[in-house]
Amino acid sequence: IMEGLERGILNVAKRLEADVDAQLERLELCPEEELAVLRQKRLKEFQDKAKKLEEWHKLGHGKYTELVDEKEFFNIAKESASVVCLFFRDDIELCKIFEMHLKRLAPKHMEARFCCINAARAPFLVERLRIKTIPTITLVRDGKTKDYVVGLRDLGGREDFRTEILAARLARGGAIEVEDPEIRPDAIRKQKMKIIRGKDDESSDSE
């Protein structure tokens, strides 16, 4: 877990550094004094982001963990600005698929706290959040529940959905940030269209 976490922090840091370098290259034609000011500004931004990464690390970001009880859920919702929490049950196989994808995303998206809680041990939360379907991913922003990913409804309706599709859905809910154009929120719509076209083709073949 630690190796994955360190790798995630390193990847984020490299992206930040590359972004700063790219912006500085575009500024090479600026007057020397103006360039110096802009360099200092970019450096400050990089330092602030690095500090934020350290804060996230201390809060448990960068890894996927199971919460002990409902009290812990409320605690992390207060501590972290963005929380991605899966409500699961041991007897539902689909929950394991969700967990696999969330474990992949956690070290890549330090900006959110990824966790899960057994619905059987959280009856108050299940009722309060009106969770009717398991698995359900709850997206919490600044201590308030903002969105839900309910079963496969927003993931193309199929169990073999790609991790990028879930990432796009979480980004649409404001839980994480995505830069890769392949995992923008509209990727979900594209996958749904492929599924629909696939069904149409099957219908045509059977006629």
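Two strands are taken to pair if DSSP finds at least two bridges between them. Strands themselves are DSSP runs (E, at least two residues), as are helices (H or I, at least four), and both are numbered from the N terminus. The model is predicted, so local features need pLDDT of at least 70 and side-chain atom pairs count only at pLDDT 80 or more, while totals for chains, interfaces and linings use all residues. Residues are numbered from 1 along each chain as its sequence is written, and side-chain values use heavy atoms, with hydrogens and water left out.

Strand 4 (residues 136-141) is a handy place to start. On one side, strand 4 runs antiparallel to strand 2 (residues 82-88), with 6 bridges joining them; here Val83 sits opposite Val140 of strand 4. Strand 4 also runs antiparallel to strand 5 (residues 144-150), again through 6 bridges, and Thr136 has Val150 of strand 5 as its bridge partner. The hairpin of strand 4 and strand 5 has 2 residues between the strands, and Asp142 takes a positive phi near 50° there.

Strand 4 is mostly covered, with 5 of its 6 residues buried (buried means under 20% relative accessible area, exposed over 50%, partly exposed in between, using a 1.4 Å probe and protein chains only). Thr138 belongs to this strand and counts as buried because its relative accessible area is 0%. Contact means heavy atoms within 4.5 Å. Leaving out neighbours within four places in sequence, Thr138 is in contact with residues including Val83, Val84, Cys85 and Phe87, plus Thr145, Asp147 and Tyr148. Leu129 and Ile131 are also among the contacts of Thr138.

Now for the loop between helix 3 (70-79) and strand 2, which is where Ser80 is found. Ser80 is buried because its relative accessibility is 2%. Its side chain makes a polar contact of 2.8 Å with that of His61 (a pair of N or O atoms within 3.5 Å; within protein, one must be able to donate a hydrogen and the other to accept it, and residues adjacent in sequence count only if both atoms are side-chain atoms). Not counting residues up to four places away in sequence, Ser80 touches Leu59, His61 and Arg113.

Finally, the helices. The axes of helix 4 (residues 93-105) and helix 6 (residues 163-172) come within 10 Å and cross at roughly 75°. The contact brings together His101, Leu102, Arg104 and Leu105 of helix 4 with Thr163, Leu166, Ala167 and Leu170 of helix 6. Axes are lines fitted to C-alpha atoms, for helices over the stretch in contact, with angles running from 0 to 180 degrees between N-to-C directions.
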